[in-house]
Amino acid sequence: MTRKMLRPIVAMLATVLIAVAPASGQDVYPSRTIKIIAPFPAGAPVDSVARLIADRLERAFGQPVVVENRGGGGGIVGTNAVAKSPPDGYTLLAMSNTHTTNESLVPNKPFQLMRDFVPVAGINYSDLVMVVHPSVPAKDLKEFIAYAKSKPGELNYASSGAGTPYHMAGELFKAMSGTNLVHVPHKASGEARNSVIGGHVQMMFDAITTMASNVKAGQVRALGTSAAKRSTVLPDVPTIAEAGVPGYESTIWLGIMAPAGTQKAIVDKLNAEINKAINRPDVKEVWDKQGAVPLVMTPAEFDRYLRADIEKWANVVKVANIRPE
C-alpha cells in the first residue's frame, strides 16, 4: 500500500480518536474537592453529622470533602445556594426535617425541595427531649400541662427557628395537649439551649443527642422524650405519649441531597459510601450512646421518606393553624 493510499486511512483514524478522546478522558468521580453545605450554624446536629460524613467520604474517595456552614433564614439561605449549584456531585446539602416542614411553612422560598433536589441518602434519626428550667414548678408532664393551662400565653418555649424540628415538636405538643405556649425562635440551637439553661425561657424540645448531658447535670429537668418508646440514653424519662399526651411522636432526622439533575451514577456512588459509613460498628456504637439510629436507605426509599414527611408536617401546620411565613 502506497503512502498516498494510507493518508485517507490515517486521517480517518485521527478523526475517530479525536471524537472519542473527550469521553475516554473524562475524570472519574470524584476528581476534586466535594463541598457539603450545612445550612445551619456550627455545632448544630446537621453540622456535626455532616462533618462525620465528610470525613468518611474523604477516606473512601481519596479526595478532600469539606463542610461549609451557611446559616440564615431557617436553613433557606444555604439550601438555596446548593439548589443553584451545578448538578455535578461536588456540592451537596446536609439537611433535616426542617426542610420538609419548610415546604408548608415557607411556600414562597426560592426553591422546592422535591423539584430542585434529588435524594442521596438518609443519615440518622434521634429522639427529642422536652425539658424545662428547674425553676418551673412542674415535676412531671401532667403537672406542666396543668401549670401551662393555668397561665395561657404566659409560658415560652425556645427553638432554633421557625420550621425546625424543635419548633414543630412544640407546635405538635401545643395542639395535642391543648396548651397555649409562646414560641421564641433563636438563631441557633445553641442559643435556644442556653436560654432554657439560663432560665430566660421556660421550655424547649431539643435533640437528645445534645441535651442529655445537660439533663444529667441537673441544668434542666426532662419531662418526656418524643419517640414511641423510651430512649436508651435517658431510660428513666417517660415518653411524652405515656406521660400525658397519648399518640405524641416527633423525631429529628438528617440526610443528604444533591441538586436536581445530578447523574444517577454519582447519586448511587454517594449513597453506597454513606450507607457504609453509617453502618460502621464504631459509628453505630457512638450514635447508640447518643440515642441516634442509622437511617439506611436507597435514594428511592429516601425519596418516599421525604414525601411522606412533607405530607405529615403539612397536616400538622394545618391542624395547629401555624401561619406560613
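Which residue in E2 does Ile36 stand opposite? The tour below leads to the answer.

This is a predicted model, in which local features need pLDDT of at least 70 and side-chain atom pairs count only at pLDDT 80 or more, while totals for chains, interfaces and linings use all residues. Residues are numbered from 1 along each chain as its sequence is written, and side-chain values use heavy atoms, with hydrogens and water left out.

**The whole chain**

Begin by displaying the entire protein chain, which holds 13 helices and 10 strands. Helices (H or I, at least four residues) and strands (E, at least two) are DSSP runs, numbered from the N terminus. The C-alpha trace spans about 105 × 40 × 30 Å along its principal axes. Of the 325 residues in the chain, 51% are buried; buried means under 20% relative accessible area, exposed over 50%, and partly exposed in between, with a 1.4 Å probe and protein chains only.

Next, select residues 34–38, which form strand E1. Four of the five residues in E1 are buried. Two strands pair if DSSP finds at least two bridges between them. Ile36 stands opposite Val67 in E2, which settles the opening question. To follow the chain from E1 to E2, select helix H2 (residues 45–61), through which this β-α-β crossover passes in a right-handed sense. A crossover is right-handed if, with the strands pointing away from the viewer, the path from the first strand over the helix to the second runs clockwise.

The bridge partner of Ile36 in E3 is Leu92.

**His99 in helix H4**

Proceed to residues 97–105, helix H4, and pick out His99. His99 counts as buried because its relative accessibility is 3%. Contact means heavy atoms within 4.5 Å. Leaving aside neighbours within four places in sequence, the residues in contact with His99 include Pro39, Phe40, Gly75 and Leu113.

**Asn214 in helix H9**

Finally, select residues 208–216, helix H9, where Asn214 is located. Is Asn214 buried or exposed? With a relative accessibility of 11%, Asn214 counts as buried. Display Arg193, Ile197, Gln219 and Val220 as well: Asn214 touches these residues, not counting those up to four places away in sequence.
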